Amino acid sequence: MQNILITGCSSGIGLETALFLQKNSIKVYASARDEKDVKMLEELGLKAFKIDVRNKDEISFALSQILKEDQKIDCIFNNAGFAVPGAIEDISTDILKELFDTNFFGLHELTIQAMGVFRNQGYGKIIQHSSVLGIISLKFRGAYNSSKYAIEGLCDTLRLETLNSDIFISTINTGPVTSKFRENSLKNFKEKIDIKNSFWKNSYEKELQARLESSDDKGIFTLPPSSVAKLVLEIMKSKKPKPRYYVTKATYILGFAKRVLSQKWLDKLLQKV
């Protein structure tokens with residue numbers, strides 16, 4: 001039986017993927033940052049660890065326990081991450097460091113620890129959760145954009161360094177997927193951005209805040225989290241998974257636009273998204 005360690009399983013894509021894989025004969029080790037969420041995962045019948053990806057010791061402990069129980073690790077899914085919406089000029093360096101600690105440096109820590117295991121056993125799969133925002137940039141998403149662009153560079157390089165081996169690096173670029181991501185982003189926006197004193201105050205109130213507060217996340221391009229869960233299962237079952245997978249029509253459309261449009265026309269398009 002194949003096994004997998006998944007980060008960020010408190011809700012949304014991580015939780016859905018853990019439950020879906022378990023139903024499809026994959027031994028799942030789910031993880032979450034908070035103890036209450038770890039307990040919730042255990043109550044759902046999942047093997048669970050407390051992993052705040054910023055804590056390398058918690059990562060090391062989880063990997064060592066999996067190896068102790070199974071003598072191998074087949075796959076890891078780096079899914080943990082969050083966003084702080086706001087204009088670049090309103091994103092302090094401290095906010096950016098906090099976001100990168102989870103979205104990028106935490107992902108990197110689990111990646112390099114898993115690589116140590118995979119080099120030793122001679123095989124393994126790393127699935128990195130990027131985003132359509134790792135391909136194109138959108139206004140007021142600068143912090144999240146930056147972290148996902150960084151993941152793209154890390155994955156592209158690591159893939160070159162694992163060529164001709166049985167270690168495979170796959171990047172998933174998700175577009176809009178139903179989850180608590182918007183709800184959590186709104187909370188971070190209100191807590192961390194000085195809205196009242198911002199140059200962008202009116203735009204925040206008329207555009208950004210209204211979008212984040214909207215309960216309608218069922219747009220024509222939005223897919224359920226099961227769309228990612230099914231893809232993770234496909235990667236795990238594949239002998240030679242692809243280096244990149246797009247999820248949602250929005251990702252395909254914007255990814256195509258990035259390849260064919262000049263920067264001038266791409267910017268015009270992205271201003272309207």
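**From a strand residue to the packed helices**

Reply: Let's begin with Thr174, which is found in strand E6, residues 167-174. Strands (E, at least two residues) and helices (H or I, at least four) are DSSP runs, numbered from the N terminus. The model is a predicted one, where local features need pLDDT of at least 70 and side-chain atom pairs count only at pLDDT 80 or more, while totals for chains, interfaces and linings use all residues. Residues are numbered from 1 along each chain as its sequence is written, and side-chain values use heavy atoms, with hydrogens and water left out.

Is Thr174 buried or exposed? Thr174 has a relative accessible area of 7%, so it counts as buried; the cut-offs are under 20% for buried, over 50% for exposed and partly exposed in between, with a 1.4 Å probe and protein chains only. Leaving out residues up to four places away in sequence, Thr174 touches His129, Ser130, Ser131, Val132, Val228, Val247 and Thr251, where contact means heavy atoms within 4.5 Å. With His129 there is also a side-chain to side-chain polar contact of 2.9 Å. Such a contact is a pair of N or O atoms within 3.5 Å; within protein, one must be able to donate a hydrogen and the other to accept it, and residues adjacent in sequence count only if both atoms are side-chain atoms.

One of those neighbours, Thr251, leads us on to helix H9, which spans residues 249-260. Helix H9 packs against helix H10 (residues 263-271) at an angle of about 155 degrees, and their axes are 8 Å apart. The axes are lines fitted to C-alpha atoms, for helices over the stretch in contact, and the angles run from 0 to 180 degrees between N-to-C directions. H9 and H10 are therefore roughly antiparallel to each other; that label is for angles over 145 degrees, with under 35 roughly parallel, 65 to 115 roughly perpendicular and the rest oblique. Their crossing is left-handed, a term for a near helix turned anticlockwise from the far one by less than a right angle, while clockwise would be right-handed.

Which residues bring the two helices together? From H9 come Leu254, Ala257 and Lys258, and from H10 come Leu266, Leu269 and Leu270. This contact of H9 with H10 divides into 5 nonpolar residues, no polar and 1 charged. Here Ala, Val, Leu, Ile, Met, Phe, Trp, Tyr, Cys and Pro count as nonpolar, Asp, Glu, Lys and Arg as charged, and the others, Gly among them, as polar.

At 34% relative accessibility, Lys258 counts as partly exposed. Beyond residues up to four places away in sequence, Lys258 touches Ile135, Ile136, Tyr149 and Leu266, and its side chain reaches the backbone oxygen of Ile135 at 2.6 Å. Between the C-alpha atoms of Lys258 and Gln271, which are 13 residues apart along the chain, the separation is 14 Å.

One more stop is Phe140, in the loop between strand E5 (124-129) and helix H5 (142-161). Phe140 is not a glycine, yet its phi is positive, at about 70 degrees. Most residues other than glycine have a negative phi. Phe140 counts as buried at 4% relative accessibility.
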